[in-house]
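Here is a short report on one protein model. Please keep the sequence and the 3D view open while reading.

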Amino acid sequence: TSDPAAMRCPLCEEGHTLRELEAPKLQCAEKRPAPVSSSCKVQGGMCKRARRIDKAVSMRLFVGSLPLVIDATNIEHTLGGGVDLLHWICDKNTGLWYGSVFLQMTYAREAKR
């Protein structure tokens, strides 16, 4: 197995090794300017925030990375009560819960904090 011809890739017709080949010349990428909407007066990420400023606070929250031994009582106790609905998110393939929930708060002020 120390014969270099025996170690050649069967798909390689030329018999080159990677170290013998010249490194490819890469071109520097040009940064493109972000598209500016005519209706948006604020630049960049602030544009989305400006569009959502008049919307009401969502009372539905996503909570992830929970320990697998937690239950609904512990979640409600940790959030200080006010949990109206709790939806456990399960894996599509296995049907097992993987540590994420959607919960709906009773009042907007509780969801905001």
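Glu110 is buried but makes no salt bridge. The nearest side chain of opposite charge belongs to Arg109, 4.9 Å away. A salt bridge would need a side-chain nitrogen of Lys or Arg within 4 Å of a carboxyl oxygen. This is a predicted model.

Glu110 sits in helix 3, which spans residues 108–112. Leaving out residues up to four places away in sequence, Glu110 touches Gly81, Gly82 and Met105. As for Arg109, it lies over the face of Tyr107, 5.0 Å from the ring centre.

## Overall layout

The protein has three helices and three strands. From the N terminus, the order is α-β-α-β-β-α. Of its 113 residues, 15% count as buried.

How much of the contact set comes from residues 24 or more positions apart? Among contacts with a separation of 6 or more, such residues account for 53%.

## How the strands pair

Strand 3 pairs with both other strands, so take them in turn. Strand 1 and strand 3 run antiparallel and are joined by four bridges. Within this pairing, Arg60 has Gln104 of strand 3 as its bridge partner.

Strand 2 covers residues 83–90 and pairs with strand 3, again in the antiparallel sense, over seven bridges. Ile89 stands opposite Ser100 in strand 3. The hairpin of strand 2 and strand 3 has six residues between the strands. In that hairpin, Gly95 takes a positive phi near 80°.

## Aromatic pairs

The structure holds two aromatic pairs. In one, the ring centres of Phe62 and Phe102 are 5.4 Å apart. Their planes meet at 65°, so this pair is edge-to-face; the cut-off is over 60 degrees. Phe62 lies in strand 1 (residues 60–63) and Phe102 in strand 3 (residues 97–105). The pair therefore ties together parts that are 40 residues apart in sequence.

Trp88 and Trp97 make an edge-to-face pair too. Their centres are 5.0 Å apart, with 85° between the planes. Trp88 is partly exposed, at a relative accessible area of 30%.

Phe102 has a charged neighbour as well. The charged end of Arg60 sits over the Phe102 ring, 4.7 Å from its centre. Phe102 has 31% relative accessibility, so it counts as partly exposed.

Which backbone angle stands out at Ser65? Ser65 has a positive phi of about 60°, although it is not a glycine. Most residues other than glycine have a negative phi. Ser65 lies in the loop between strand 1 and helix 2 (72–78). Its relative accessibility is 76%, so Ser65 counts as exposed.

Leu79 is in the loop between helix 2 and strand 2. At 27% relative accessibility, Leu79 counts as partly exposed. Setting aside neighbours within four places in sequence, Leu79 contacts Leu103, Met105 and Arg113. Leu79 and Met105 are 26 residues apart in sequence. In space, their C-alpha atoms are 9.6 Å apart. Met105 is also one of the residues that Glu110 touches.

Conventions
Residues numbered from 1 in each chain as written. Predicted model: local features only at pLDDT ≥ 70, side-chain atom pairs only at ≥ 80, totals over all residues. Heavy atoms only, no water. Phe/Tyr/Trp six-rings, centres within 6.5 Å; stacked < 30°, edge-to-face > 60°. Helix = DSSP H or I, 4+ residues; strand = E, 2+ residues; numbered from the N terminus. Buried < 20%, exposed > 50% of the residue type's maximum accessible area, 1.4 Å probe, protein only. Lys NZ or Arg CZ within 6 Å of the ring centre and 35° of its normal. Lys, Arg positive; Asp, Glu negative; His and termini not counted. Contact = heavy atoms within 4.5 Å. Pairing = 2+ DSSP bridges.
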